[in-house]
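Colleague: I would like to go through this entry feature by feature. Please give the general idea each time, then the case at hand.

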Amino acid sequence: DVRSKFYYLNYFTTSQVLLLGRHLGRLALDRKSELPNFVYGLLECIKPNIIANDVSTAMGKACSKSSRRQHQQPIDFASSSLLGSGGALSSFDSLAGGGDMSFSGGSGSFGLGEEALGNFDSSEGFEMDSLQSTNVGSLLGSGWHRSQPPPAPEPAAETPILDCDNPEYLSLETLGEFLQILSQSSPRSPSRSFLTDQLEVGFPNLIVVPQSELIPSVLRLYMADPQLPLPSAQEVLLCSPSTTLEEVSLFWRRAIQDPSQARIFCLAGADCLSYEVSRKAVDELLKLTQGLSGQKNENYRLVVVFSAENENESYMISALDQQRRSLLPIPSPCEVQSYLEAQFRNSPASLKLRTVWSTSWAAAAKYLDHEQSCVRVVHSTQAGMGKSHFVSRMAKKLVDIPNNQQALGFVKGGSDPITKITVPFHELVVSMDSVFDTLDLVFPDPERSEE
């Protein structure tokens, strides 16, 4: 299982792995080639403030390490799992948690997988986020089935740096090595205090709280160390009805296989998961935690928080009921506010500007705030009180910050730099599609950015 061997592959979904494999494969072929800016955005979770030199150095080491391995078979997707170990998550034949895509006798590849993902007809009601309930083979058709297996590949004298079937793609082995090397140059993950008097290490701790106390309960897990930063997106997964099986499975792996065993991982709002996703996620959790006694990752720290309003409707609650813990002390609104204010004021004082050709620094916009907070909520009890005017004035001041002219050159807008993006919300439930559609009008699309 390639995701078990290379921990940092669990930071990325299958489609993101395909994307990284394609662009980093081009860099491996030509070290002078430029990576699109969105690739740096993806790699930011591995190494904060990453720059082109970091990528080039890590790529050189990864390629050298892969080429030194002797007497290994080429890495392929038919024998390497991206999503799990066994069942519906065992191989590339089950690319995203289900289906029966068949590559008879052949080895899959980055290019083949990406082409498969990119050739589904949306008119058939297929969505990337619902692959786990889709018969992939029926969507692809017989044209993707290799009826006659090709000759078995000759044993390779060395592990290939690029994918065998598509030489423009980085092999999974080399990509995993690259991410591992990249992580070694980033700051170590902070060691957080775990509430061992109420929670247990090495078990999925189940906590059921009222819906109104769900977010404060999650923050309570991290407020024991006010000097440490807020948890990253890799440590907390806030579920919604659209959360996929792949997202939950990757979260389990990040939590259980955490090399430091010092971080706290929290799955919040798991009662929102569909029955099918919840059931398969529990099965995957049982597989990952089986036989951990005496292993290096036996002391993982995992907390699952549910809403009490949906307690009787969730399969995961009943499956994990034996691990139910008593309620954590809920912080008061004033305690939460003080904690968040301190966190927002303690954000980095500078923003590192990443490009493929240079590195610059831009002062953080938080210095425009009267309390130097990087987050500010402007509200009023009625309309017409000047909220929009207040935000517009701050946006105009942002342009005058030294070096921001260069930083703002990375967004569209011609000669007039864009310092303010407005995303209107008119419903009680926020649609992330509308948010991304608005941002897409401002920032370059990843696939078009290389044109």
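Colleague: How many of the six residues of S4 are buried?

Modeller: First, the ground rules. This is a predicted model, in which local features need pLDDT of at least 70 and side-chain atom pairs count only at pLDDT 80 or more, while totals for chains, interfaces and linings use all residues. Residues are numbered from 1 along each chain as its sequence is written, and side-chain values use heavy atoms, with hydrogens and water left out. Buried means under 20% relative accessible area, exposed over 50%, and partly exposed in between (1.4 Å probe, protein chains only). Strands (E, at least two residues) and helices (H or I, at least four) are DSSP runs, numbered from the N terminus. Six of the six residues of S4 are buried, so S4 is largely enclosed by the rest of the structure. Leu 302, Val 304 and Phe 306 cover one side, and Val 303, Val 305 and Ser 307 the other.

Colleague: In what order do the strands of the open sheet lie?

Modeller: Two strands pair if DSSP finds at least two bridges between them. Here the order is S1-S4-S3-S2, four strands with parallel pairing. Strand S1 (204–209) and strand S2 (236–238) stand at the edges with a single partner strand each, so one side of each has no neighbour in the sheet. On average, neighbouring strands are turned by 15° against each other, direction ignored. For angles, axes are lines fitted to C-alpha atoms, for helices over the stretch in contact, and values run from 0 to 180 degrees between N-to-C directions.

Colleague: Which residues stand opposite Val 305?

Modeller: Val 305 in S4 is the bridge partner of Ile 207 and also stands opposite Ala 268. S1 and S4 run parallel, joined by six bridges. Strand S3 (residues 265–268) pairs with strand S4 (residues 302–307) over four bridges, again in the parallel sense.

Colleague: Which strands does helix H9 touch?

Modeller: Contact means heavy atoms within 4.5 Å. Helix H9 (residues 245–256) packs on the sheet and touches S2, S3 and S4, its direction making about 155° with that of S3.

Colleague: What is the volume of the second largest pocket, and what lines it?

Modeller: Rolling a probe the size of a water molecule over the atoms shows where empty space is left. On a 1 Å grid over the protein atoms alone, a pocket is an open set of points where a 1.4 Å probe fits, with protein on both sides within 12 Å along at least five of seven lines; lining residues have an atom within 4 Å of a point. Points are joined across faces, edges and corners, and the volume is the space filled by probe spheres set on them. The second largest pocket has a volume of about 1400 Å³. Its lining has 47 residues, with Pro 187, Arg 188, Ser 189, Pro 190 and Arg 263 nearest the centre. H7 gives the largest share of that lining, three residues.
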